[in-house]
Amino acid sequence: MLDVKKPLVRVQGLKMHFPIYRGILKRQVGEVKAVDGISFDVFEGETLGLVGESGCGKSTVGRCVLRLYEVTAGSIEIGDTDIAHLSGQELRAKRPEMQMIFQDPQASLNPRMTVGSIISEPLDEHMKMSKAEKREKVGELMDAVGLARRFADRYPHEFSGGQRQRIGIARALALNPKFIVCDEPIAALDVSIQAQVVNLLEDLQEKLGLTYLFISHDLSMVRHLATRVAVMYLGRLVELGPAETIYMTPKHPYTQALLSAVPHPDPSQAGNIDRVILEGDVPSPSNPPPGCTFSTRCPRAQAICKQDSPEWREIGEGHFAACHFIE
């Protein structure tokens with residue numbers, strides 16, 4: 001089914017390297033390879049989950065795709081336009097099509113602005129509307145995310161974490177985007193509130209036909225939400241495929257290790273899980289190991305892994321991985 005759909009977002013060979021400067025003259029002595037040559041598609045109306053350990057480059061990918069960073073290399077097609085190297089008015093014209101929901105709702109909302117002003121700010125920037133039209137649009141957006149219209153004149157500090165995230169979602173929806181990057185939108189919320197926000201995102205996707213890139217380290221939540229899942233390690237994708245395939249039959253050793261760490265909901269069954277314990281620490285992205293980046297921690301690593309980078313290849317229908325020893 002997925003191959004019939006048209007990709008809304010197509011990322012090819014994306015790299016994001018941050019320079020490292022040292023000394024009085026600030027000479028460049030190296031670079032942090034936060035994202036190191038990844039490719040993926042996001043199809044219209046789907047949710048692609050992007051998972052991995054903290055520091056693997058997930059959030060950097062999300063920001064690159066929305067061109068919040070100047071990318072080092074690669075192409076990012078949204079619709080029929082490659083936005084990777086657009087600038088000025090051309091990039092500004094594409095902004096309404098793509099928006100972001102940030103991780104920390106407290107840090108991403110201006111404490112000096114009212115909720116109505118925060119939600120209407122994108123309208124001020126990109127659309128010509130009268131005050132009455134703006135007020136009505138803000139009211140509609142607040143209705144859509146489950147906030148009472150009478151709260152429009154209040155400030156962010158007067159709301160709970162879940163309500164603040166709803167404000168952020170309303171702001172992201174203001175320009176009727178096609179594509180939204182959700183950068184760990186529930187990580188800063190209480191567990192009791194997380195389900196409400198996730199259900200809201202699902203409802204909005206169904207009503208408005210939205211396409212999500214959902215970045216998270218909560219594997220159980222990604223399983224619930226995502227159509228397909230991409231697994232990332234040290235700036236590279238190691239596996240990508242339909243959600244049920246990834247969760248039921250993971251092929252890459254890193255994916256297997258990640259999923260084995262997910263707590264089992266039934267304590268009586270928890271002891272039956274074959275836990276994969278990874279030894280050592282994640283290498284520095286400024287000095288990644290040669291060959292396969294996972295070779296320093298992989299329980300199946302051989303000599304070839306430390307020399308040759310594995311090819312990214314299809315191992316099943318819509319199922320891709322990068323490992324020398326996957327049949």
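Modeller: Val51, Leu219, Val229, Val231, Ile246, Tyr247, Thr255, Leu258 and Leu259 line the second largest cavity. A cavity here is a set of points, on a 1 Å grid over the protein atoms alone, where a 1.4 Å probe fits but cannot get out, and a lining residue has an atom within 4 Å of such a point. This is a predicted model, in which local features need pLDDT of at least 70 and side-chain atom pairs count only at pLDDT 80 or more, while totals for chains, interfaces and linings use all residues. Residues are numbered from 1 along each chain as its sequence is written, and side-chain values use heavy atoms, with hydrogens and water left out.

The space in this second largest cavity comes to about 40 Å³, where a volume is what probe spheres fill when set on the points, with grid points joined across faces, edges and corners. Its lining has eight nonpolar residues, one polar and no charged ones. For these classes, Ala, Val, Leu, Ile, Met, Phe, Trp, Tyr, Cys and Pro are nonpolar, Asp, Glu, Lys and Arg are charged, and the others, Gly among them, are polar.

Helix 9 has the largest share, with three residues. Helices (H or I, at least four residues) and strands (E, at least two) are DSSP runs, numbered from the N terminus.

Glu133 belongs to helix 4 (residues 131–144), and its relative accessible area of 44% makes Glu133 partly exposed. Buried means under 20% relative accessible area, exposed over 50%, and partly exposed in between (1.4 Å probe, protein chains only).

The structure has two cavities of 30 Å³ or more. The largest has a volume of about 80 Å³, and of its 13 lining residues Pro253, Cys292, Cys298, Cys305 and Cys323 are the closest to its centre. By class, the lining of the largest cavity holds nine nonpolar, three polar and one charged.

Now for the aromatic rings. Rings of Phe, Tyr and Trp (its six-membered ring) pair if their centres lie within 6.5 Å; planes under 30 degrees apart are stacked, over 60 edge-to-face, and the rest tilted. Six aromatic pairs are counted by this rule. Phe151 and Phe159 make an edge-to-face pair, 5.7 Å centre to centre with 75° between the planes, and both residues are buried. Trp312 and Phe320 are stacked because their planes meet at 10°, with ring centres 6.1 Å apart. Trp312, at 31% relative accessibility, is partly exposed, and Phe320 is partly exposed at 26%. Tyr233, Tyr254 and Phe294 are linked by ring pairs into a cluster.

Finally, a look at some strands. Strand 1 (residues 7–22) and strand 2 (residues 27–43) run antiparallel and are joined by 13 bridges; strands pair if DSSP finds at least two bridges between them. Pro7 faces Phe43 in strand 2. Four residues separate the strands of this hairpin, where Gly23 takes a positive phi near 80°. Strand 1 also pairs with strand 4 (residues 73–78), again antiparallel, over five bridges, and Lys15 has Ala73 of strand 4 as its bridge partner.

Technical notes
1 Å grid on protein atoms, 1.4 Å probe; cavity = no way out; pocket = protein on both sides within 12 Å on 5 of 7 lines; lining within 4 Å.
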